[in-house]
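Here are my notes for you to read alongside the model. Keep the viewer open and find each piece as you go.

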Amino acid sequence: MANDELYTPKHIFDALNLRFDLDVCAPIEGPLHTPADKWYSQLDDGLVKPWFGRVWMNPPFSKPSPWVDKWLDHKNGVALLPMGGNGRWLGKLWASEAKVIVMPPNVSFINTDGEERKIMYRIALWAIGESNITALKMSGLGIIR
């Protein structure tokens, strides 16, 4: 799905001021500016590969559920996810120890052609693990829950 191959806006990484050991679902071309030492693309299938260290996760919005399950089990990282929907995955996040900031509407992403593309629905940044939650709180990106 074309909507699933978008780069996270650089300003989010700048605000978080974190380095990630692994981007678990980078675009096929690799991360544009994700501060990660290693990454898995769709070709690698990050759901079956081992996760290690602090992970960054911007999964396919068309099917986030298995990614959320693995992220919650991993317990160390930051995830960018759609806000809303009727999937059980959202309930699992709300019931977990993860913290969240709901981002303003119309955040601009970059597609694989380098063009800016606005997302017309709300997204949220989730953090799990003490240092990641602290970074989210300090980011200035919004109010944390």
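1. Let's start with a term: a nonpolar core is a set of buried Ala, Val, Leu, Ile, Met, Phe, Trp, Tyr and Cys residues joined through side-chain atoms within 4.5 Å. Buried means under 20% relative accessible area, exposed over 50%, and partly exposed in between, using a 1.4 Å probe and protein chains only.

2. Some housekeeping: this is a predicted model, where local features need pLDDT of at least 70 and side-chain atom pairs count only at pLDDT 80 or more, while totals for chains, interfaces and linings use all residues. Residues are numbered from 1 along each chain as its sequence is written, and side-chain values use heavy atoms, with hydrogens and water left out.

3. Now the largest nonpolar core, which has 23 residues. Those with the most contacts inside it are Ile12, Trp56, Val78, Leu80, Met103, Ile123 and Leu125. At least two residues of this core come from each of helix 1 (10–16), strand 5 (77–82), strand 9 (123–128) and helix 4 (130–138). Helices (H or I, at least four residues) and strands (E, at least two) are DSSP runs, numbered from the N terminus. Another core lies apart from this one; it has 21 residues, including Val24, Tyr40, Ala98 and Ile128.

4. Which residues does methionine 103 touch, leaving out those up to four places away in sequence? They are His11, Ile12, Arg122, Ile123, Ala124, Leu125 and Leu141. Contact here means heavy atoms within 4.5 Å.

5. Next, helix 4. Asn132, Ile133, Ala135 and Leu136 are buried there. Looking down the axis of helix 4, its buried residues fall within an arc of 160°, so they line one face of the helix. That arc is taken from the directions from the helix axis to the C-beta atoms. The buried residues pack against helix 1, strand 5, strand 6 (99–102) and strand 9. Over on the other side of helix 4, Glu130, Lys137 and Met138 are exposed. Just after the helix, glycine 140 has a positive phi of about 75°.

6. Finally, have a look at the open sheet of 3 strands, in the order 1-7-8 with antiparallel pairing. Two strands pair if DSSP finds at least two bridges between them. Strand 1 (residues 6–7) is joined to strand 7 (residues 108–111) by 2 bridges, and leucine 6 has asparagine 111 as its bridge partner. Strand 7 also pairs with strand 8 (residues 116–118), over 3 bridges, with phenylalanine 109 opposite arginine 117. Strands 7 and 8 make a hairpin with 4 residues between them, and glycine 114 in the turn has a positive phi of about 85°.
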